[in-house]
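Me: Could you take a close look at one part of this chain for me, and then follow its surroundings outward? Please keep the terms clear as you go.

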Amino acid sequence: DTMTIKVKKFDKKVDGYQIKYSKNKNFKGAKTVNTKTAKTVIKGLNATKVYYVKVRKFVKSGNKKVYGNFSKSYKIIYA
């Protein structure tokens, strides 16, 4: 199954977004995806599961990425 994540407050001044998702609400064993667009599709998920998602933006400063704070976590339920 797939999950589409869309950032509502898209900021053109940032270099990208980091999306963290997990089956655990404490984000233990979470997977991370970096993207440059406001809309991202995550593939290979299990159906009939609950996923928790949070997003933060980043900018590149030289060779490093400077990250902002994570958004609140969102609960997504597949039925």
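Reply: Happy to. A residue is called buried under 20% relative accessible area, exposed over 50%, and partly exposed in between, using a 1.4 Å probe and protein chains only. This is a predicted model, where local features need pLDDT of at least 70 and side-chain atom pairs count only at pLDDT 80 or more, while totals for chains, interfaces and linings use all residues. Residues are numbered from 1 along each chain as its sequence is written, and side-chain values use heavy atoms, with hydrogens and water left out.

Lys-72 sits in the loop between strand E6 (64-67) and E7; strands (E, at least two residues), like helices (H or I, at least four), are DSSP runs numbered from the N terminus. Beyond residues up to four places away in sequence, Lys-72 touches Val-53 and Lys-54, a contact being heavy atoms within 4.5 Å. The C-alpha atoms of Lys-72 and Lys-54 are 6.1 Å apart, although 18 residues separate the two along the chain.

Phe-27 belongs to the loop between E2 and strand E3 (31-35), and it counts as buried because its relative accessible area is 12%. Its backbone deserves a look too. Most residues other than glycine have a negative phi. Phe-27, though not a glycine, has a positive phi of about 65 degrees. Gly-29 is also in the loop between E2 and E3, but Gly-29 is exposed, because its relative accessible area is 73%. From the C-alpha of Gly-29 to that of Asn-69, 40 residues apart along the chain, the separation is 19 Å.

Strand E2 (residues 16-22) can be viewed through two of its residues, one of them Gly-16. Ser-22 is also in strand E2, and Ser-22 is buried because its relative accessible area is 3%. Apart from neighbours within four places in sequence, Ser-22 is in contact with Phe-27, Lys-28, Gly-29, Ala-30, Val-50, Tyr-51 and Tyr-52. By contrast, 23 Å lies between the C-alpha atoms of Ser-22 and Phe-10, 12 residues apart along the chain.

Gly-16 counts as buried because its relative accessibility is 1%. With neighbours within four places left aside, the contacts of Gly-16 are Thr-35, Lys-36, Arg-56, Lys-57 and Phe-58. The C-alpha atoms of Gly-16 and Thr-35, 19 residues apart along the chain, are separated by 5.5 Å.

Now for the largest pocket, with about 490 Å³ of space. The closest of its 15 lining residues to the centre are Val-7, Lys-8, Val-55, Ser-71 and Tyr-74. The search uses a 1 Å grid over the protein atoms alone: a pocket is an open set of points with protein on both sides within 12 Å along at least five of seven lines, a cavity is a set where a 1.4 Å probe fits but cannot get out, and lining residues have an atom within 4 Å of a point. Points are joined across faces, edges and corners, and the volume is the space filled by probe spheres set on them. Strand E1 (2-6), strand E5 (50-61) and strand E7 (74-77) each supply at least two lining residues, and E5 gives the most, with five. By class, the lining has seven nonpolar, two polar and six charged residues; Ala, Val, Leu, Ile, Met, Phe, Trp, Tyr, Cys and Pro count as nonpolar, Asp, Glu, Lys and Arg as charged, and the others, Gly among them, as polar.

Finally, the whole chain. It has zero helices and seven strands, and its C-alpha atoms fill a box of roughly 40 × 25 × 20 Å along the principal axes. Of its 79 residues, 29% are buried. Among contacts with a separation of 6 or more, 60% join residues 24 or more positions apart.
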